[in-house]
Amino acid sequence: MNNSNHLVNSDNVGYASYLLEQEKNKGYLPGQGPFVAAFASSNLGDVSPNILGPHCVNTGESCDNPNSTCPIGGPSMCIAKGPGQDMFDSTQIIGRTMYQRAKELYASASQEVTGPLASAHQWVNMTDVIVWLNSTHAAKTCKPALGYSFAAGTIDGVGSLNFTQGKTEGDPFWDTIRDQILGKPSEEMKECHKPKPILLHTGELSKPHPWHPDIVDVQIITLGSLAITAIPGELTTMSGRRLREAVQAEFASHGMQNMTVVISGLCNVYTHYIATYEEYQAQRYEAASTIYGPHTLSAYIQLFRNLAKAIATDTVADLSRGPEPPFFKQLILPLIPNIVDRAPIGRTFGDVLQPAKPEYRVGEVAEVIFVGANPKNSVQNETHQTFLTVERYEATSTSWQIVCNDASWETRFYWHKGLLGLSNATVEWHIPDTAQPGIYRIKYFGHNRKQDILKPPVILSFEGTSSAFEVVTT
């Protein structure tokens with residue numbers, strides 16, 4: 001799902017999880033049932049499901065070049081595509097492929113993981129790690145900064161401005177704008193990050209809060225012969241290989257042979273990307289987003305080797321806890337103020353504005369539009385567990401049975417903001433081939449914000465129900 005998607009949903013790994021859980025949790029709605037299928041992230045910095053590669057959307061020619069740019073239109077025209085007709089289709093294709101392979105691995109698993117449980121954790125100031133390149137030479141990490149190619153985005157989701165990947169020099173125009181608004185980056189920072197030209201010197205920006213973390217945590221958990229390295233960022237493929245090999249070698253050197261080392265990405269705190277030293281020199285998106293400078297990966301390898309050694313030698317208790325991270329009691333206030341929700345004159349929340357058609361065939365889309373309210377009102381209220389349901393009438397019990405909710409792949413919920421607190425909610429049900437013929441209806445669940453004069457605001461729950469409609473298979 002690329003950055004043109006405005007729905008809140010999981011991507012292909014979430015779809016793979018969805019399929020496996022639906023298979024294991026028969027009779028349960030998505031997100032319910034005893035079986036949990038976790039498709040975890042590993043080193044995902046430069047991994048893409050867009051297997052057809054990058055092409056210029058205006059001419060169709062390949063733009064698989066170091067700068068990911070097109071002859072006409074520049075980098076903004078260079079976008080990668082997946083195997084499907086659109087991003088929804090591609091997400092399903094890739095997700096189903098992962099699900100099928102995971103199902104095979106699940107069915108054929110033969111080695112049980114047994115043994116003692118251990119863990120090692122440290123807080124580290126990632127802006128000031130001395131990295132030993134060899135026995136005589138050392139380097140250090142930098143205060144965080146983002147490079148020019150960060151603003152270019154990637155071929156999976158290009159940036160909105162005309163920045164290009166592979167930039168190793170700054171631009172006087174953007175440098176001047178940055179200096180006027182945010183101030184100049186220090187010479188020390190510019191020198192430390194070379195060859196990255198600094199676009200945003202986030203490590204020197206602290207209002208209203210620090211823009212990037214200085215203190216991050218590193219962590220290894222072992223269960224028998226399995227070692228899970230908890231990485232606070234997105235390693236590239238080669239970075240992941242090097243880190244796994246280094247941690248495995250460290251365990252082996254202290255008597256823990258044949259450890260299986262896996263990477264769990266995006267753990268504990270987010271520090272953008274972690275590219276190799278060589279990738280850093282090219283300054284594509286991932287390198288420009290490697291915020292602690294060219295020796296970031298080497299620093300992480302050094303830190304994780306230290307954790308592995310502590311576990312292998314049973315000296316975790318001797319590890320320094322590290323510098324305490326900051327705790328932010330007052331986070332940034334919402335930029336968009338909460339306003340009172342209003343219904344059109346003569347209407348109430350949940351009323352149907354556009355009804356369902358009397359009949360649909362499988363493969364068609366049933367759509368209903370309701371008088372809506374800001375979905376943000378529902379976030380902190382547990383009156384309803386879903387924004388929508390699709391229900392089928394059971395004649396034998398004379399009751400409505402829920403067949404889909406807002407976590408179902410075939411449903412979509414759109415909120416359309418109007419003026420002065422007015423809004424609409426559209427519920428779509430993309431009727432699958434597996435839908436049983438019968439009588440159905442769609443329900444919408446929401447919360448509206450109400451405020452009377454001189455009284456505090458209150459959040460009120462409501463629901464709306466469509467007219468009944470028939471689904472036929474022929």
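Residues are numbered from 1 along each chain as its sequence is written. In this predicted model, local features need pLDDT of at least 70, side-chain atom pairs count only at pLDDT 80 or more, and totals for chains, interfaces and linings use all residues, while side-chain values use heavy atoms, with hydrogens and water left out.

**Domains**

Colour residues 1–110 as domain 1, 113–325 as domain 2 and 351–472 as domain 3; such bounds come from an automatic or database domain assignment. The C-alpha centres of domain 2 and domain 3 are 44 Å apart.

Next select residues 1–302, which UniProt lists, in an unreviewed entry, as "domain: Neutral/alkaline non-lysosomal ceramidase N-terminal". UniProt positions follow the numbering used here, feature names are shortened, and annotations may be inferred rather than shown by experiment. Over residues 1–302 the chain is 30% helix and 18% strand, with 35 Å between the end C-alpha atoms. Helices (H or I, at least four residues) and strands (E, at least two) are DSSP runs, numbered from the N terminus.

**Ser48**

Select Ser48, where UniProt places the feature "active site" in an unreviewed entry. Ser48 is in the loop between helix H1 (12–24) and strand S1 (53–56). Its relative accessibility is 33%, so Ser48 counts as partly exposed; buried means under 20% relative accessible area, exposed over 50%, and partly exposed in between (1.4 Å probe, protein chains only). The side chain of Ser48 reaches the backbone nitrogen of Asn50 at 3.0 Å.

**The sheet S3-S10-S11-S13**

Show these strands together: they form an open sheet of 4 strands, in that order, with mixed pairing. Two strands pair if DSSP finds at least two bridges between them. Strands S3 (117–125) and S13 (260–264) stand at the edges with a single partner strand each, so one side of each has no neighbour in the sheet. On average, neighbouring strands of this sheet are turned by 15° against each other, direction ignored.

Zoom in on S11 (residues 226–230), which runs parallel to S13 and is joined to it by 5 bridges. Here Ala227 has Val261 in S13 as its bridge partner.

H6 (residues 237–253) lies across S10 (215–223), S11 and S13, at about 140° to S13. H9 (residues 296–312) lies across S3, S10 and S11, at about 40° to S10. Axes are lines fitted to C-alpha atoms, for helices over the stretch in contact, and angles run from 0 to 180 degrees between N-to-C directions.

**Strand S18**

Move to S18 (residues 388–394): 5 of its 7 residues are buried, so S18 is largely enclosed by the rest of the structure. S18 and S19 form a hairpin with 4 residues between them, and Thr398 in the turn has a positive phi of about 50°.

**His384**

Last, select His384, in the loop between S17 (365–371) and S18. Is His384 buried or exposed? At 17% relative accessibility, it counts as buried. Beyond its neighbours within four places in sequence, its contacts (heavy atoms within 4.5 Å) are Phe445, Gly446, His447, Ser461, Phe462 and Glu463. The side chain of His384 reaches the backbone oxygen of Phe462 at 3.3 Å.

Definitions and conventions
A polar contact is a pair of N or O atoms within 3.5 Å; within protein, one must be able to donate a hydrogen and the other to accept it, and residues adjacent in sequence count only if both atoms are side-chain atoms.
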